[in-house]
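The following exercises are to be worked with the sequence and the coordinates at hand. Each task is followed by a solution in steps.

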Amino acid sequence: MQNIEDISKKLLDLVAGSDTPREILKSVELKQLYGVVTTLPVVERGAYGKRVNELRIALESAVTAREAELEDKTVETIDVTAPWDKNAGPVELIQTEQGTQHPLTRELENVADIFTRMGFDAIESRQIDDDEHMFGTLNFHENHPARDGYDTFRTEEGFIPPAHTSTMQNRILKAGKAKLEAGGQIAAVCYGRVYRNEDVDATHEHTFYQCEGVFVSKDATLGQMLGTLRSFFETYYGQKLKIKTQPAYFPFVEPGLEFAIEKPAALGGKPGEWLEMLGCGMIHPNVLKAAGIDPTKYRGFAWGGGIERLVMLKYGIEDLRYFESGKLQFLRKF
Amino acid sequence: MIISLNWLKKFTEVNMPVDELATLIGARLVEIEETINLGEKYKGVIIAKVVECAPLENTDHLNLTKVDDGGVTVGVERDANGLVQVVCGAPNVKSGLLVAWLPPKTIVPNTFGKPDQFVLDARNLRGVISNGMIASSRELDLSDDHEGILEIQADVKPGTSFASAFELDDVLFDIANKSLTHRPDCFGIVGFAREVSAIQGRAFNTPELLLGNLADFENLQNDQVSLNVSIDNPDMSDRYLAVVMSGADANKQSPFEVQTYLSRVGVRAISAIVDVTNYLMMLTGQPLHAFDYDKLVALNNGKADIHVRAGRDKETLVLLDGRVIELTPDDIVIASGETAIGLAGAMGGSSTAIDKNTKTIIIESATFNLYNLRSTQMRYGIFSEAITRFTKGQPAELSAPVLIKAVQLMTEWSGAKCISKIAETYTGRHTEPTLEFELSVINDVLGSEFTAQEVVRTLQNVGFKAEEVRLKVIRTTAPYWRADIHIVEDIVEEIGRLNGFDSINPTLPTRDFTAVRPSDFDNFRKQVRQILVRAGSNEILTYSFIHGNILQKAGQKVENSYRIINSISPDLQYYRQTLSPSLFELVHPNIKQGYDNFALFEINKTHQKSDGMTDENVPVESNMTALVVADKNKLSSAPYYQAKRLLDYLCESLGIKVTYKQFEKESDSPLTAPFEYRRSAKVINQETGKLIGIVGEYKKLITKGFKLPEQIAGFEIKTDELFNATIGQSGSYRPLSKYPASERDVCFQIENSIQYSQIIDAATSALLGVGLETSIVPVDIYQAESSATKNITIRVRLTSYDHTLTGDEVTLVINSIITSVISATHAKVI
């Protein structure tokens, strides 16, 4: 055994000083140690063999470390302030035709642009939030089955990657309260990433984008909500559109609706073909109360819908998974 | 949930085509996911009479039958008497039976629409022709019974279509459950029919079965055995009712028509006892449970004493499906005396399960706290029809009439008799709220013009008490099955929905003409995107979550990332701390796809635990912009300069002045972790000295780990800091000079260790205060092989605003530059 310790020290020292450390793994000494195992009495073989293996593992990690050290030494410091490398010429940019903007951010800009022109402020949604904003302030009871529909992820600390942009609603309402009480209105849209614990396929993603809208005034009506949404889609598609609704249940609105438009001619739509675009409704009094707004004095409406849908319809994109794939094959088409 | 149109029609009239009804339900009640024509499934199935039946020679169990189909089937071979020959292997086939015959060319119903859909024909079986087949209940997709063929007991003429005889020419609506989460009443056919009646504008007559009360039930009760029920934890159950019935025959079947109705809504007929509970649940939404009485009392010294209570620590229960679970105080337990025998509302226990030998049963009708049930459901993964209904909050008032009906049906179908009184504990009696409101409230919220009369009628149609108590003031009380009605907004929903939201006129809000512009930060990000795209880069979006390995490979500490505890896959387990690692992952796949030269960038948010919390006590979010530029081929300059060139372009386009500073030592911040410190620079806001980000090449370990090409570099910058740097930038425009410019090149020889910026800084400082328009651009950086010095050539351009510069004037300025550079860097001019 003493022999092993001696050889171990010698080989490790060799590795530390070697320029070609991997060669030492093939050394005669190591091979001989393995050779000795078969000559020992059976009872000693186990312990001896184990010790030799430990040595080999120690050697290998020393070799890897030494290699990294050697490689590190070859790293040359450069003049980071220079415009280009010595003996080289000016650096060219990549050809501008290769550049592309992501279709989703382009659409988000477009949607936000229309709403700002309609008088809505636009803010971005959070990507990590708490239960209170995601559910609590939105009239979801702690153990209510309505939460099931959201398939939320959770972190160890209990934070939630938001499953809807409504996670910003309470903040929008609180921020607008003073303006409202001074005789104004709250009008804002909020866009951003949302997350659902869903298996991914061509039409399902665990990560997608939504745009949320909130409007509160002294005299908001459901008719105004329908008018506002129709006006947005008519601007977006540049044509007159028919709309229809169906009742839906979301705890943070009452009444709650699903909103559909007749498929625009620009998308090859025929009369009678409908596209479900978003969920909407009159803001539930409890949601206003949670933001300190008196529901007996003010009323509002809110809506939220996906962005991918708009983009897929616009370009005829067949697979939702492309958006976050980073494939140049896909990106360079836009 | 499946809703059968024929079943609806037993409770309400429908006088419009199916597609119109479906559209109306969609617009005024709930989304229909699919409309299924059940008649298609039974197309061609004929009720026939077995006229002759004799064993088929040389077989051990087959019979050769001749059936009378009333002569209705076309294109089938018949004998002289017009009978059709069918071979049948069922043990119960005999002459005189009425059977369901599937002629050739019909589809076997239980294979309908499936990949292995089976179409019958006339084929040779052991030397004789068999025309189609005689079907069992399983082949008809009605139950799992495959012991023999279905024996039809009804009084029907041979030749009648099977579907029309049993109302199977039906239409099924597949309903999206999630839109009815708040409507327990709609989880029963009766409740759904009430809505269907009202959306057609008609009042609904609530059937007797929902109105029965215990007082009328006295004559059916008996007190041969005593039964006690108590609710030990009143917050867990509002009401618990049970009754004992004996003489139940567990082998008896429910009426055939009931079996067909159960099967079409997705429930298998099992036995009369079980079918009673399922049938009433489907009809009313109230789940029932049956215990084996003898087993139950055996667990408690022969006494029937049922308790509803919380689960106890360390208490275990064997469920019907054989699972052994450890109960929690959050679970609602049904106990016989002290012994837990069932998970209330979720699943019975195996110790009191009904089996073939069961003679005496206890039927339970109760309500349980839906929030407890929901956590029980999630904890043990129980998704039955019953718990789906219980977790919507079935009303306590419903449990008595349903139990009374259950007793009646149990007697009719299985022959059982009541041998106890109905035992009841009703601790959670609610009074239905009465709401009084002005008509204007409804019309103000909806933007509609309903009259008081219309509002009153709409409410009455769905069973509300409603009247106009004063001019344009309405008072209404919701029926007991509408626990979702609490506030006037709920009434608004009811009026808008039942009359159709689509009948409301869309208008636009009246608003001030206040212009709104996108936020400056949003505009800025838009600008950054456009600039980088103009520079040939491709914007990407990648997931916010990454694999722990990626963090490790990037040199970032896993414990600094928020971890998702219920992630779909390890690939999506951690919040990313910076964007760069997500970009690294995309370089190799794109090179493999044949892209040799590209730059990818992402503008997004990142999260690190070390950034702490906001005022709202949620994690701080950072806005980042990252880019990688990759080339499969080796370029003349180091990759660092590619990335810097792009960043320079971005900063110049934004009008931001930055300086690049070498790192002094390795830093372990997540931002710098992936970068090789000797070939990277900190990007500093020239004005404020604040760190904007990092630009440079990556560590060798990273290029290896992510299979990156040699020619790779990038940057990651704090979008907010970059944005801050643009605030207050007013541009550096000066009017153009009318006089010509003079240019001179100067070449400095310097030590290798001297940086390019030192020369530029020294030269620039010499130009301060000369009163000229000036610019300095690099021309050449040269180093002879293994030389200790390098030559840097710069071009100085000078223009006066008021005259043409003379040669002497230019020389004077150039000399001051040279002096300044020499004193700063010990350069030699060559």
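Just after helix α6 of chain B, Gly266(B) has a positive phi of about 90 degrees. The model is predicted, with local features requiring pLDDT of at least 70 and side-chain atom pairs pLDDT 80 or more, while totals for chains, interfaces and linings use all residues. Residues are numbered from 1 along each chain as its sequence is written, and chains are lettered from A in the order in which they are written.

**Exercise 1.** Determine which residues of α6(B) are buried and what they pack against.

*Solution.* Helices are DSSP runs of H or I with at least four residues, and strands are runs of E with at least two, numbered from the N terminus. A residue is buried if 20 or more other C-beta atoms, placed from the backbone, lie within 10 Å of its own. In α6(B), residues 256-264, this holds for Gln259(B), Thr260(B), Tyr261(B), Leu262(B) and Arg264(B). Contact means C-beta atoms, placed from the backbone, within 7 Å. The buried residues pack against elements of chain B including β1 (2-4), β10 (171-175) and α7 (272-284).

**Exercise 2.** Identify the strands that pair with β34(B), and state their sense.

*Solution.* Two strands pair if DSSP finds at least two bridges between them. Strand β30(B), residues 622-631, is joined to β34(B) by eight bridges and runs antiparallel to it; Met624(B) has Lys718(B) as its bridge partner. Strand β33(B), residues 691-698, is also antiparallel to β34(B), over four bridges, and Gly696(B) stands opposite Gly714(B). Finally, seven of the eight residues of β34(B), 711-718, are buried.

Conventions:
A residue is buried if 20 or more other C-beta atoms lie within 10 Å of its own, exposed if 12 or fewer, and partly exposed in between; C-beta atoms are placed from the backbone. Two residues are in contact if their C-beta atoms, placed from the backbone, lie within 7 Å.
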